[in-house]
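This note is intended for a colleague who will examine the structure alongside the text.

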Amino acid sequence: MIKTCLECKGKGHKVLSYKVCESCHGSGVKSEVDVKKHVKGISKGAMERFDLGEEHEVPCDVCKGKGEVEVTETCEECGGKGEINVCKKCGKTIESGDYCKGCEVKEKVYALHPSCDINDLELGSHYKGKVTKVEDWGIFVSLSKKGYGLVRGRMLGHDVGDEVIVKVIDIKKAKGEVDLTLSNLKGKYELVKLRKNIARTPIGEITKKSVKRSVRIVGEVIQIQQTSGPTIFTISDETSTTWVAAFDEPGIRVYPHINIGDIVEVLGEVSIHSGKIQIESESIEKLHGNESLEARKLIDEAIDEKAQPETTEILIESEVLEKLRGRMANAAKAIRRAIFDGRSILVRHHADADGICAGVAIEKAVIPLIREINPGSDAEWHFFKRAPSKAPFYEIEDVVKDLSFSLEDMERHGQKLPLIVLLDNGSTEEDIVALIKAKIYDIEIVVVDHHYPGEVENERVAVDDYVDVHVNPYLVGGNSEITAGALAYEVAKMINPEVKESLMHLPGIAAVGDHASSKEAEKYIELAGEKGYTREDLDKIATCVDFEAFYLRFMNGRGIIDTILGLGNYDKHVKLIGALYNESQKRVKNQLRAALPNLKTQKLPNGVIFNVLDVEKYAHKFTYPAPGKTTGYVHDTIVKKYGEENPIITLSFGPDFGVIRATDAVNEKFGFNLNTIVTKLAEGIPEAGIDGGGHECAGSLKYVEGLSKKVLGAFAEEVADLGK
């Protein structure tokens, strides 16, 4: 911008001093002139009026009559021009142009977001694009996924893929055509990213009415699946979950920098795929900083609110269950939170009637919620797994499988690591090694068990250092007579209250199957009676569950188990129970025919009726019932003979194991606790590598085969010393 120089006031020089004019020697007059000689034809009156009849002085043309002249120097500020060029923005003197380098305004060139279209273009503006097609009569330039234009004329030197700067010279919206010309910008320019201004849409508000509408969602990536075509991202926000399809090339992972757990912004068009809502993405961008933190905070708060159990009422009156209510509510909340957080749930349970009833109760509560928030037909198989455990504790073999499959699912299917729920196992010290392995991967663990957990101090036991939620009657002064099936049923009601009526008989089956004798067990059996199940019915169902579990081995048998438990077709339930129960009893009788004649029974001086059976030699192998069940049936036979009020202990053993059953009378009279004896034997014979345990009056014993006689002899001595 041109301005008058303030230093010289526009003169171009500065006055330093004054000196006598050399031309007029300070007189200011150059000469005199007789005006009359130069004036003719003027009247006398006019000459007198203007004094033209006399001689006049002529001013000096150098000093203009002043008699002195200025001594000057050229103005340094403007270089003698009398004016300067200054920056329009900061006022700094510049040689040319309107702005200094610091304030220079660059020409803007726009880089369009993939979601922008013809409506976002402006005439005369410059845009950055990519050559997508070259013809003899022009080149096509892509400005975004939805916006492109044509530069007319033969363009030599341009190939597909070249980046170019173009200027919009015509927009024909009716035809969807845009005419471009190559930009003649010289020097630097300012690149401005232009995004389509779309308000955020909560996922929960996207319905089938939203089809073909462009939306912007912000949420957490909870799963990434690579198909033979597009990459499918499962996105969850504080309102719901949806699927986003992104495609570049068939079977090629799109946006490889985006991972599970990232907060992203998705722009795309709503569509329907395989009957469910899906967003065809135009762009997926990972959010950082405050945007990410605010979105995650909203999601966490919403999930936490939705995860709160709707009700925490206990079905029966029980002091122990009332004390456990808070723990059960925490277990229910952890499971509900995993559902809404997009984590899969892995249920591990003991493979007997009690454990299976517990597993099925959680399964029936969880799956409807998974289906509700994940409309995909295969969602329940991706997000829920139930697997039986042969042992009544979380074995290393089990955790190796669980971790292997979980890490594989995370790698192949983009799933988060699961929530592990242990039912009818997980409380004992034998579980700790497996729990430690799971915790190395920061996996959340919920335990609902009724096995003896060891010494309780301030409602805590050893495994509490490795689990997140622990529900066990022992923690609040109870015992194993409240079954895991009953505890899991109460938790299932809190997860999903709609299962209350349909699963009401499961605690009764668990109580009868686990030979529980407590007020709580009787109340649950009575509730099953209200649904039409007698104690005999419950016993038959529990027997059939155990029978089927033997052959299912490591499979969950979801459909078959549902039928056995009366959760499917009633006619099929009746027929299946009849067939399985009759077959199981035949096999039990066959086993007892081999075992009972070889059972050694003696009444010890302390009054204990002690029974010993070598199941390795005197029982059928690899068939139902297995050694544990065989011991139970042998024990029940002796109990019927002598009466349950008598202290009776039955020991079945093999080369490196023992199975123990005892009547409640042994515990009541002598304070018998199998777990205490196992601990004592392990300390007394360390070289035998003894472990095991279970309930106070039922459990197992493991040891080194070579020290079998020593271990079993020590156990027999412990039994003989009861009461001393």
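1. The structure under discussion is a predicted model. The values quoted below should be read with that in mind.

2. Five strands form an open sheet in the order 20-19-21-22-23, and their pairing is parallel. Strand 20 (384-389) and strand 23 (469-471) stand at the edges; each has a single partner strand, so one side of each is left without a neighbour in the sheet. From one strand to the next, the twist averages 15°.

3. The pairing of strands 19 and 20. Strand 19 comprises residues 345-350 and runs parallel to strand 20, to which six bridges join it. Within this pairing, V347 has R386 of strand 20 as its bridge partner.

4. Helix 3 and the sheet. Which strands does helix 3 lie across? Helix 3, residues 319-340, lies across strand 19, strand 21 (419-423), strand 22 (445-448) and strand 23. Relative to strand 23, helix 3 runs at about 135°.

5. The side chains of E322 and R325 form a salt bridge, with an N to O distance of 3.1 Å. Both residues belong to helix 3 and are three residues apart, which is about one turn of the helix. E322 counts as partly exposed at 40% relative accessibility, and R325 is likewise classed as partly exposed at 26%.

6. Salt bridges between distant parts of the chain. K364 and D562 meet through their side chains in a salt bridge of 2.6 Å, N to O. This pair links helix 4, which holds K364, to helix 12 (residues 558-564), which holds D562, across 198 residues of the chain. K364 is partly exposed, with a relative accessible area of 23%, whereas D562 counts as buried at 12%. A further salt bridge, of 3.0 Å from N to O, is made by the side chains of K710 and E687. Here K710 lies in helix 17 (residues 708-720) and E687 in the loop between helix 16 (674-684) and strand 28 (691-694), the two being 23 residues apart. K710 is partly exposed with a relative accessible area of 44%, and E687 is partly exposed with 45%.

7. Salt bridges overall. The count of salt bridges comes to 38. A network of salt bridges links E220, R296, D341, R343, K416 and E444.

8. V400 is placed in helix 6 (residues 396-413). At 38% relative accessibility, V400 is classed as partly exposed.

9. I373 in helix 4. Is I373 buried or exposed? I373, found in helix 4 (residues 353-373), has a relative accessible area of 16% and is therefore buried, the limit being under 20%. Leaving aside residues up to four places away in sequence, I373 touches T241, I339 and F340.

10. Q585 in helix 13. Q585 lies in helix 13, which spans residues 570-595. Its relative accessible area of 22% makes Q585 partly exposed. Q585 and T543 are 42 residues apart in sequence, and their C-alpha atoms are 9.0 Å apart.

11. Backbone geometry. Most residues other than glycine have a negative phi, and most peptide bonds are trans. A cis peptide bond joins Y624 and P625, with omega about -5°; P625 lies in the loop between strand 25 (609-614) and helix 14 (627-642). D424, although not a glycine, has a positive phi of about 60°. D424 is placed in the loop between strand 21 and helix 7 (432-440) and counts as buried at 1% relative accessibility. N458, also a residue other than glycine, has a positive phi near 55°. The loop between strand 22 and strand 23 holds N458, which is exposed, with a relative accessible area of 71%.

Technical notes: Residues are numbered from 1 along each chain as its sequence is written. This is a predicted model: local features need pLDDT of at least 70, side-chain atom pairs count only at pLDDT 80 or more; totals for chains, interfaces and linings use all residues. Side-chain values use heavy atoms; hydrogens and water are left out. Two strands pair if DSSP finds at least two bridges between them. Helices (H or I, at least four residues) and strands (E, at least two) are DSSP runs, numbered from the N terminus. Axes are lines fitted to C-alpha atoms, for helices over the stretch in contact, and angles run from 0 to 180 degrees between N-to-C directions. Contact means heavy atoms within 4.5 Å. Buried means under 20% relative accessible area, exposed over 50%, partly exposed in between (1.4 Å probe, protein chains only). A salt bridge is a side-chain nitrogen of Lys or Arg within 4 Å of a carboxyl oxygen of Asp or Glu.
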